[in-house]
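Open the model in your viewer and follow the stops below.

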Amino acid sequence: MQKLDILSYEQYKTVSDHRLLIHFKGALYQDILTELGSIIQTSMKGETKLKKIFAVFVELAQNILHYSLERIVNPDESTSGVGMIVVTERPEGYYVSSGNYISSSKIESMKEKIEFINGLSPEDKKAYYTKQLRADRPDDSKGAGVGLIDISRKSDGPLVYSIEDVPEGKSFFTLTAFFKKED
Amino acid sequence: METIRITSTKNSPEVVLDFDNGIAEVVGESYPENAVSFYKPVFDWLNQTISQKKPFKFVFKLDYFNTSSSKCIIDILDLLQIYHSNGGKINVEWYYRQDDEDMKDTGEEFLEDVDLPHELIAYK
């Protein structure tokens with residue numbers, strides 16, 4: 001029989017050692033997103049920050065669904081975004097990360113937005129959040145345009161991002177939110 | 001007007017829009033794929049109810065909502081505000097689970113930006 005080198009013990013060990021509670025790559029259809037959310041709800045039951053972690057997961061996953069450059073066309077001709085979403089547990093806390101392609105032309109505005117949010121005090125974040133909720137929806141936004149500020153308000157510590165250039169005018173963008181474990 | 005009932009799903013709340021009894025209710029979790037289209041029946045109902053000057057209460061009893069739903073909630077509150085400012089009779093009830101301080105805070109945050117008769121109500 002032909003050996004399929006897709007899965008190995010080493011990979012299994014990596015996933016176990018990093019305590020990857022969720023580890024998904026694919027189209028984030030709403031139904032899949034909802035099921036992944038149920039896994040988080042079940043596997044993290046009792047965790048004090050569960051509601052915040054779940055909320056951030058939904059924002060990141062719906063960001064991929066709506067805005068990822070890589071898209072799958074559904075039978076009804078709507079499209080769903082493809083990306084990766086990972087929830088990890090470490091001794092210091094939990095990390096929720098998303099990774100997806102975005103157009104290189106959007107990189108600068110994305111960087112600016114994240115750095116602007118990271119520089120705000122909690123009071124300023126609150127004010128900015130409510131202001132944005134009342135602002136008109138940006139043309140290219142299916143949501144409120146306040147996902148990032150909400151993620152920042154719910155998580156601990158700055159939003160961490162990375163950008164890697166890939167061919168064809170695309171970039172690979174990751175965003176990570178951290179949740180400190182309470183003593 | 002016939003009562004509109006939308007059954008809840010894992011990612012969308014139960015919605016009851018009862019004109020005769022003057023009650024609009026949104027109950028459960030709200031993170032549908034497209035919040036704007038999900039809440040459209042609510043806005044249609046509100047516009048009709050307001051145009052008929054019907055006194056009513058709006059009940060929010062949500063465990064969780066995402067940011068695009070929160071935008072819709074703010075839009076609902078702003079619409080209720082206009083109604084109230086024009087003499088319409090409206091009361092907002094914001095329910096939160098007793099141990100859910102965040103949902104209580106969110107309710108306070110949303111309601112402090114408008115001038116509407118309201119109650120924040122804890123439940124077990």
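This is a predicted model: local features need pLDDT of at least 70, side-chain atom pairs count only at pLDDT 80 or more; totals for chains, interfaces and linings use all residues.

Residues are numbered from 1 along each chain as its sequence is written, chains are lettered from A and ligands numbered from 1 in the order in which they are written, and side-chain values use heavy atoms, without hydrogens and water.

**Stop 1: the interface.** Select the residues in contact (heavy atoms within 4.5 Å). Chain B gives 25 residues and chain A gives 30 residues. Now pick B:E33, B:T67 and B:K71. They supply 29% of the area that chain B buries against chain A, more than any other three residues. Buried area is the accessible area (1.4 Å probe) that two parts lose on being put together, summed over both.

**Stop 2: a salt bridge.** Show A:E35 and B:K10. Their side chains form a salt bridge at 3.1 Å, N to O; the rule asks for a side-chain nitrogen of Lys or Arg within 4 Å of a carboxyl oxygen of Asp or Glu. Between chain B and chain A the count is seven.

**Stop 3: the aromatic cluster.** Select B:F58, B:F60, B:F65, B:W94 and B:F110, which form one aromatic cluster. Rings of Phe, Tyr and Trp (its six-membered ring) pair if their centres lie within 6.5 Å; planes under 30 degrees apart count as stacked, over 60 as edge-to-face and the rest as tilted. The B:W94 and B:F110 rings have centres 6.0 Å apart and planes at 75°, so this pair is edge-to-face.
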